[in-house]
Amino acid sequence: NNTDEKEALNFLLAYDREASAMCNNVMNTQWDFNTNITESTKQRMLETQLEYAKFQKDVWATATTFKWKTFRDPSIRRQFKVLSVLGRAALPEEKLKEIQQLLADMRDIYSRNRVCPYVKQPKNASLPIRMESVKCNLALDPDLTRIMAKSKDDNELTYMWQQWHDETGRPLRSKFMRYVELSNEAARLNGFKDTGDQWRASYDIEDFNSELDELWMGLRPLYQQLHAYVRRRLHHQHGKIVPLDGPIPAHLLGNMWAQSWSNLYDTTVPFPNKNSMDVTLSLKRQGYDPVRMFQLADQFFVSLGMKSVPDSFWTASMLEKPLDREVVCHASAWDFCNGRDFRIKQCTEVTMEDLTTAHHELGHIQYYMQYVNQPLAFREGANPGFHEAIGDVVALSVSTPKHMQKIGLLDKAADDPEVDINYLYSMALDKIAFLPFGFLLDQWRWKVFSGEIPFDQMNKAWWDLRLRYQGVAPPVNRSEHDFDAGAKYHVPANTPYIRYFVSFVLQFQLHKVLCEASGHVGPLHKCDIYQSREAGKLLAELLKLGSSKPWPDAIRILTRGRTSRMDPGAIMEYFQPLMEWLQKQNTEEKAGWRGMNSGITIKT
Ligand SMILES: O=C(CCC(O)(O)[C@H](Cc1ccccc1)NC(=O)c1ccccc1)N[C@@H](Cc1c[nH]c2ccccc12)C(=O)O
Ligand SMILES: [Zn+2]
């Protein structure tokens with residue numbers, strides 16, 4: 001056995017050089033497929049993914065000959081620990097080819113799906129309007145997203161919801177089941193019980209599940225108050241289809257998955273006579289285009305003394321949906337492993353929602369640029385939730401009325417407690433509404449990976465969890481022929497989701513620490529760290545670490561030893577004024593819904 005640590009270090013240096021070149025190769029072919037979906041770009045991508053897997057297998061074979069657990073240097077030990085997990089490349093070649101084909105096909109099906117428009121049948125129509133004349137080419141981005149956000153017609157919303165869920169879920173169901181089998185086989189070859197076990201390992205927490213349950217139980221009262229308020233407002237708009245003591249129909253919440261309710265702001269705002277928080281109109285009036293939206297976000301990082309994106313970012317990124325080819329529209333940020341090529345792919349519309357996403361994606365890019373000097377094995381977030389939190393932390397400052405006025409997107413608002421409630425309410429429609437969805441998606445997926453949810457009960461279990469945690473119900477009856485979880489990008493894209501729940505808690509902890517560093521005094525929701533070099537210095541220090549240290553150490557550094565765990569105190573402090581206001585509003589009927597304490601009843 002090569003016990004020689006010096007030899008091990010040379011091995012790591014050689015690995016870094018070779019792996020960076022291989023990684024750049026794979027990223028390029030994956031970029032080509034994601035920004036131009038064709039049979040040939042798919043095949044080209046599959047070929048390079050196979051080559052990379054073979055390279056990883058060779059690296060793994062050599063790495064595991066070192067007695068790395070006995071090495072003295074903690075950084076060398078930690079790098080070998082990363083290289084000793086082979087991932088999907090542990091599968092025999094035939095099965096590796098099959099799972100990579102399944103993943104490419106599922107991404108293809110989801111991204112290229114098109115549905116038919118809703119055709120309002122006039123009451124007295126003798127014959128239904130001939131459907132041949134109607135082109136069924138509506139895409140999720142931007143068509144269905146816009147309809148779910150804007151339509152007030154319950155029938156149209158039901159139709160579009162059902163079209164999307166039927167046309168994506170059903171074709172994906174059988175491919176997803178086969179992918180689960182192969183993914184679990186790979187996980188077991190890597191020494192894990194199943195894929196969920198492997199995914200949870202990224203958080204290095206002994207009992208991650210109970211820590212997550214505790215976080216959720218701490219946040220649930222705030223969610224239930226928001227749910228009760230929104231439900232009553234929707235009951236007044238839509239009548240009895242929104243029962244005052246039951247779940248909210250999922251198609252009425254302004255979003256295809258009911259995961260963010262910000263599109264309900266204008267029709268449910270607490271104090272409507274105050275100026276609106278929705279700056280979409282100002283963005284359009286002031287001639288913002290996608291590039292300018294990303295420049296705004298980039299400038300914020302520069303104002304903190306952090307890095308600006310390289311010139312190549314502006315020429316190589318895809319910031320708008322191209323008209324001449326099929327692309328994967330779901331936003332993503334790309335690191336091409338060569339220390340200088342970083343890109344974003346986003347089908348950006350000029351809306352407040354997409355300005356927030358632009359900040360989110362640039363947060364990933366800032367992380368890439370800050371940990372660029374780490375060895376490849378450490379070019380990750382401290383844990384996946386950190387990577388998702390950085391852009392959102394900046395967006396917490398940008399979206400304050402004070403900052404929006406500073407950049408001319410909001411006209412002067414007096415310092416008025418009702419404006420405060422309106423602002424906190426608009427933030428809660430994104431941040432609080434999301435929490436149960438961010439929590440439940442992987443609770444469902446981990447149970448499918450472990451077999452606790454059998455394949456023939458996936459959809460029942462999905463809606464049990466959606467009822468129990470989110471208090472939403474499908475607008476039409478669903479069956480096991482449907483696969484409604486598959487209608488959400490991250491399921492066919494094989495992208496873990498608990499990272500967003502972790503991020504939504506973590507980002508308020510980070511916000512609080514950075515606000516203190518910037519010298520902010522006063523309520524947390526009024527803090528804007530813009531131009532604070534102290535805040536930027538602290539944040540950069542965290543990001544430079546990458547995943548070179550366990551994430552509790554990263555939190556300890558950030559909070560100067562105050563804590564090392566995820567702590568919901570900051571998000572509760574931020575929304576405290578809204579919580580009090582909602583509790584006053586919700587006196588007449590109790591918060592909660594029938595079924596919120598039900599477990600998942602699996603027919604055995
Ligand atoms: O999926 C995203 C944003 C896309 C992403 O930036 O997280 C992207 C997803 C992805 C992962 C893997 C392959 C392809 C796409 N993740 C990244 O680009 C990324 C970058 C670096 C490290 C890890 C992931 N947001 C989630 C959660 C979410 C909802 N509302 C939000 C508002 C702000 C921020 C996030 C959300 C969603 O849309 O449901
Ligand atoms: Zn992200």
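I take buried to mean under 20% relative accessible area, exposed over 50%, and partly exposed in between, with a 1.4 Å probe and protein chains only. The model is predicted, so I note that local features need pLDDT of at least 70 and side-chain atom pairs count only at pLDDT 80 or more, while totals for chains, interfaces and linings use all residues. Residues are numbered from 1 along each chain as its sequence is written, chains are lettered from A and ligands numbered from 1 in the order in which they are written, and side-chain values use heavy atoms, with hydrogens and water left out.

**Entry: Cys 515 and Cys 527**

I looked up burial here: Cys 515 and Cys 527 are both buried. A disulfide (a pair of cysteine sulfur atoms within 2.5 Å) joins Cys 515 to Cys 527, with S to S at 2.0 Å. The torsion about this S-S bond is about -100°, so I noted the disulfide as left-handed. Cys 515 sits in helix α18 (residues 498-517) and Cys 527 in the loop between α18 and α19, 12 residues apart. Helices here are DSSP runs of H or I of at least four residues, strands are runs of E of at least two, and both are numbered from the N terminus.

**Entry: Cys 116 and Cys 136**

I found a disulfide between Cys 116 and Cys 136, S to S 2.0 Å. Its torsion about the S-S bond is about 100°, so this disulfide is right-handed. Both cysteines lie in the loop between α4 (93-112) and α5 (140-150), so the pair ties together parts that are 20 residues apart in sequence. Cys 116 is buried at a relative accessible area of 19%, whereas Cys 136, at 37%, counts as partly exposed.

**Entry: Cys 23 and Cys 337**

I read 1.7 Å between the sulfur atoms of the Cys 23 and Cys 337 disulfide. Cys 23 is in helix α1 (residues 5-34) and Cys 337 in the loop between β2 (332-335) and β3 (342-345), so the pair ties together parts 314 residues apart in sequence. Cys 23 and Cys 337 are both buried.

**Entry: disulfide pairing**

I counted four disulfides in the structure. With the bonded cysteines of the chain numbered in sequence order, the pairing is 1-5, 2-3, 4-6, 7-8.

**Entry: α13 against α19**

I looked up the axes of helix α13 (residues 352-370) and helix α19 (residues 533-544), which come within 8 Å and cross at roughly 70°. Contact (heavy atoms within 4.5 Å) is made by Gln 366, Tyr 367 and Gln 370 of α13 and Ala 540, Leu 543 and Lys 544 of α19.

Notes:
Axes fitted to C-alpha atoms, helices over the stretch in contact; angles between N-to-C directions.
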